Amino acid sequence: MLLVTGGAGYIGSHLVLGLLDQGREVLVLDNLSRGHRELTGKAVFEEADIRDLSQIRRILKKYPVDGVLHFAALSLVGDSMSDPQSYYRNNIGGTMNIITSMLEAGIDRIVFSSSAAVYGEPRALPVNEEAPKVPTNPYGETKLFIESMLGRSFDAYGIRSVSLRYFNAAGADPLARTGEDHSPETHLVPIALDAVLGRVEELKVFGNDYPTHDGTCVRDYVHVTDLADAHIRALEGLEKGAFGCEAFNLGNGKGFSVLEIVSAVRSVTGRGFPLRFAPRRPGDPAVLVASSAKAEKELRWKRRFKDMDEIIETAWKWHQKRFRVGRRS
Ligand code: UFG
């Protein structure tokens, strides 16, 4: 059985459905602070908080878990600046509890949800795994520190791990069984779709004076189902005995500006929406684009979704199902 912490969240729930589709037994542990239990399909569900060691211990005693996929974390860059303590407690403290409980239960493999935020402002593009890691916010610092905890846990206790550094996750399950549902929502694509549905008044574009071709920030948007697939490949590698302590970038290898995303949203939905230029958001690098060559080679990771319109189509299908007026506020 596989334990997925944070399995009711955006990326976690896509992985849970992917594992269930493969016929795997899945146990989801989530405190439901941001996740949604109904998005976890037929997985076994335990409502618990990774900050509480006794709860994790109890759950790992109850179920025959042989591998962990660890998503549970606080993940808002802005929040991490205003309340770093919560990020240390949840992300670092919570992961310490997971590792302690894994050691007690004799579990020796873990796939960890890391982030492009470990790199901070990139010095060279595309960003590969060897790039300097200088996070610019506490969120990125916690992810980087956990990666080094995992390195030490391999050396000291033989826990094998794969850390996956996502760039910008986007899109939704092609069958619209799950997708993005954050409250508050901070991510570009769902906010633009909210503007299309009239759930927000307008999309604010944060900054149009960046040194990019149209002045807006450029990001590497990668489909969430492709991310889920990379986790499954990492897990299968660990199950075959590959990897001691590895990290991989996961991106699409292509950058899109905020305005390019806006125009893709307009073309996919066939609707315009109000847009306003606003000041830069503190901490946003101008350009972030990944090299995922290592994952392509060593995980044999192949992306299904390369086209931006296709990525947004899946998000749009989910967004309408979940949020169209009359369904949910
Ligand atoms: N943006 C807007 N308006 C909005 C929301 C976003 O213009 O209302 C812009 C941002 O300034 C940025 C781009 O759209 O240029 C993408 O922003 P997101 O908030 O969607 O994503 P981020 O690039 O900020 O964040 C992602 C992950 C984080 C991770 C970070 C690493 O969501 O978890 O990449 O840099 F930490």
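**Ground rules.** I call a residue buried when its relative accessible area is under 20%, exposed when that is over 50%, and partly exposed in between (1.4 Å probe, protein chains only). This is a predicted model, so I keep in mind that local features need pLDDT of at least 70 and side-chain atom pairs count only at pLDDT 80 or more, while totals for chains, interfaces and linings use all residues. Residues are numbered from 1 along each chain as its sequence is written, and side-chain values use heavy atoms, with hydrogens and water left out.

**Entry 1: Thr 95.** I started with a residue in helix α4, residues 84-105, where Thr 95 sits. Helices (H or I, at least four residues) and strands (E, at least two) are DSSP runs, numbered from the N terminus. Thr 95 has 1% relative accessibility, so I wrote it down as buried. Contact here means heavy atoms within 4.5 Å. Leaving out residues up to four places away in sequence, I found Thr 95 touching His 70, Asn 90, Ile 146 and Met 149. I also checked Ala 72: it is 23 residues from Thr 95 along the chain, and their C-alpha atoms are 8.7 Å apart.

**Entry 2: Ser 153.** Next I went to helix α5, residues 138-157, which holds Ser 153. Its relative accessibility is 5%, so Ser 153 counts as buried. Not counting residues up to four places away in sequence, Ser 153 touches Ile 99, Gly 158 and Ile 159.

**Entry 3: the whole chain.** I counted 10 helices and 13 strands. Of the 329 residues, 57% count as buried. The C-alpha trace spans about 55 × 45 × 40 Å along its principal axes. Among contacts between residues at least 6 apart in sequence, 77% join residues at least 24 apart.

Entry 4: Most residues other than glycine have a negative phi, and most peptide bonds are trans. I went looking for exceptions. The bond from Leu 125 to Pro 126 is cis, with omega near -10°, and Pro 126 lies in the loop between β5 (109-115) and α5. Ser 183 and Pro 184 are also joined by a cis bond, with omega about 0°; Pro 184 is in the loop between β7 (168-170) and α6.

Then the phi angles. Leu 32 is not a glycine, yet its phi is positive, about 60°. Leu 32 is in the loop between β2 (26-30) and β3 (44-47), and I logged it as partly exposed at 27% relative accessibility. Phe 243 has a positive phi as well, near 70°. Phe 243 lies in the loop between α7 (224-239) and β11 (245-250). Is Phe 243 buried or exposed? With a relative accessible area of 17%, Phe 243 is buried.
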